[in-house]
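Subject: Structure handover

Hello,

Here is the structure you asked about, with the sequence. My notes follow below it.

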Amino acid sequence: MPPRRGFQKPKNAKDTVKRIIGYMGHFKALWLVVLVCVLVNSLTGVAGAYLIKPALNNYIIPMIGQANPDFTGFARLLVMVLCMFLFGTLASYCNSRLMIHISTKLLFTIRCELFSKMEKLPIKFYDAHTHGELMSRFTNDTDTMREMLSQTIPQLFSSTITVISVFVMMLVLSPMLTLIMVLTMIAITFLMMAIGKRSASAFRQNQKCVGKMNGFIEEMIEGQKVIKVFNHEAHAKQEFDLLANDLRKAGTAAMTFGGLMGPLMNNSAHMQYAVVAIAGAAVMIMGHSGILPLNWFTGMLDIGTIAAFLQYTRSFSQPISMMSQQATSILNALAGAERIFAIIDQEPEPDEGKYTLVNAYEALENGEKTLVQSFANTGSWAWKNPADGSLKPLKGEVVFDHVTFSYVPEKTVLHDINIHAKPGQKIALVGSTGSGKTTTINLLTRFYDVEQGNGQISYDGIPLNQISKDSLRHSLGMVQQNTHLFTGTIRENIRYGNLNASDAQVYEAAKLANADSFIRHLENGYDTVITGDGASLSQGQRQLLAIARAAVADPPVLILDEATSSIDTRTESLIEKGMDSLMSGRTTFVIAHRLSTVRNADEIIVLEHGKIIERGTHDQLIAAKGRYYFLYTGNRITLDE
């Protein structure tokens, strides 16, 4: 059989099977019941076929020509056959229900384990994998596993039992006819394999052409504005026609071979049936005529025996054909399971930090003020030393001390970075695209860690890698350039910054970000449901909600990564006071290309190729007439000036 579309072969099928069996081990009792049901269903079918022999030999043929035939014995046989098949049907129903329960429960366990692991993976893992690639683990790969567990494996059990039991019964009836049947099946198998090789090659070429066309169509749809602006419609159509013609040729070949397989297999089965029937009839006629002796090899052939044997011939070829088809499904499912387990086996995000963030309040001990841990929300925070339990107030002082960093060993991204952000200061990072601004923030949030010997980052005097990542990120608020909103109400999206925030705090945060006005003009106000990453809102409105989300978190350290990049100049001026209020008393790191937003920063750091080339206030850097002056004014200063 040709491979299905999207067919992939597992790299290590043996280990993957062991892993799946390990999950299946949680349902040992149910699997035993399933096996019994499959066995009963298969054997009732085999036994029912054998009863054709006594039905013909003992009842139907003897009653032919009788004036008053007695149907009592025949009726009893029919009732027995009916009960047998009803019992088999009941077993089949129980098997199907149990397999649905087992497969859905097993996939529920795997999906939960997969999602749980993905929540623990570092950002660099997501940087190295596309969203579509990861989504396919939850959809395509789990679906192929579901199909294998609920359908393929039971059918494989049933087919195996049927083939073995049918083959035994055929040997009992006539070893000679069994040999003829096996020889014809071998000939058919070789024929199918020859055609299958050609078919597989044709399907691979077809898939290759489909991939090219899909990629081209996606690119053209996304780039329609560019195509129309430059009048490239005719050229695009010519390219599409070539790809479509290649797909037509490949599709014709694939469908020709694919369409040939089914009829050829059916007709081959009919031919096999006819060969066995003719051979059996000839042996029976010659045996009863005395020309050929009827012995253990030929079998004691009669009408009933031949009829039962022919029924077994059909019952034998059909399961084998089904087993060959299921092989592709199994390999596809194992490949999908392998990809799922590859993520589950990923190392979780390492976190050796022991310092934790706790609520605290000031108390008098021996006449001196001291910090005491509180188990209620006090609004004040402190770092708890894991060694002696002492508390250190959270102030928001951040120091980069000779930090050098690279994502890959051969390419250094940051070179000897030194930054000292005092509590409440506003530090701006500016520079060209790729200068290292976002990487600096990635290190502060511990999305990536500085390797030992490449400098150190400290937070309130504590080495950053000694602070628990959960506690560290709880103390940081971040507004990113690419805003992401979740499906839910606007109120819920703002509250995402602080799940314990009251409605009053949500409204206050929205007002601070100047989002309250447009929210209240929506049909359902704060209860407006947004979907598709806020597709119904403008980019500026989504950015305002992200700022409000950061505001409700009330963090001591705030990170604004191009936070106003999608807001027009008028909106930016409206929220400037709100942003100043948000940043008041907080250590703030601002990444900005729009340099008008960083004029009031306490220190502006200019990065270029991962190095700090200038630093100072806005007025100092303008007076220096260097790189910042050029970025701000667009005027390049020569050395003579």
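Is Arg446 buried or exposed? Arg446 has a relative accessible area of 3%, so it counts as buried. Please keep in mind that this is a predicted model; everything below is computed from it.

Arg446 and the salt bridges

Arg446 sits in the loop between H11 and E8. Its phi is positive, about 60°, although Arg446 is not a glycine. The side chain of Arg446 meets that of Asp351 in a salt bridge, with 3.5 Å from N to O. This pair links distant parts of the chain: Arg446 lies between helix H11 (437–444) and strand E8 (456–459), Asp351 lies in the loop between H10 and E1, and 95 residues separate the two. Asp351 has a relative accessibility of 33% and therefore counts as partly exposed.

In total, the model has 16 salt bridges. Another of them joins Arg19 to Asp345, where the closest N and O atoms are 2.7 Å apart. With a relative accessibility of 27%, Arg19 counts as partly exposed. Asp345, at 46%, also counts as partly exposed, because the cut-off for exposed is over 50%.

Helices

Helix H2 covers residues 28–50, which makes 23 residues. From its first C-alpha to its last H2 reaches 33 Å, close to the 33 Å expected at 1.5 Å a residue. Which residues of H2 are buried? They are Trp31, Val34, Cys37, Val38, Ser42, Thr44, Val46, Gly48 and Ala49. For reading that list: an α-helix has 3.6 residues a turn, so residues three or four places apart point the same way.

Helix H6 (residues 131–173) packs against helix H7 (residues 175–222) at an angle of about 130°, and their axes are 6 Å apart. H6 and H7 are therefore oblique to each other. On the H6 side the contact is made by Phe167, Met170, Leu171 and Leu173, and on the H7 side by Pro175, Thr178, Met181 and Val182. Sorted by class, this contact has 7 nonpolar residues, 1 polar residue and no charged ones.

Leu173 turns up again among the contacts of Thr305. Thr305 belongs to helix H10 and, at 1% relative accessibility, counts as buried. Leaving out residues up to four places away in sequence, Thr305 touches Lys53, Asn57, Leu173 and Met300.

Two other residues

His609 also has a positive phi, near 55°, in a residue other than glycine. His609 is in the loop between strand E15 (603–608) and strand E16 (611–616). At 64% relative accessibility His609 counts as exposed, whereas Arg446 is buried.

Arg542 is in helix H16 (residues 539–553). Its relative accessible area is 15%. Why does Arg542 count as buried? The cut-off is under 20%, so Arg542, at 15%, falls on the buried side. Neighbours within four places in sequence aside, Arg542 is in contact with Thr483, Leu485, Asp533, Gly534, Ala535 and Leu537. The C-alpha atoms of Arg542 and Ser374 are separated by 36 Å, and the two residues are 168 residues apart along the chain.

Regards

Key. Residues numbered from 1 in each chain as written. Predicted model: local features only at pLDDT ≥ 70, side-chain atom pairs only at ≥ 80, totals over all residues. Heavy atoms only, no water. Helix = DSSP H or I, 4+ residues; strand = E, 2+ residues; numbered from the N terminus. Expected span 1.5 Å × (residues − 1). Buried < 20%, exposed > 50% of the residue type's maximum accessible area, 1.4 Å probe, protein only. Axes fitted to C-alpha atoms, helices over the stretch in contact; angles between N-to-C directions. Parallel < 35°, antiparallel > 145°, perpendicular 65-115°, else oblique. Contact = heavy atoms within 4.5 Å. Nonpolar A, V, L, I, M, F, W, Y, C, P; charged D, E, K, R; others polar. Salt bridge = Lys/Arg side-chain N within 4 Å of Asp/Glu carboxyl O.
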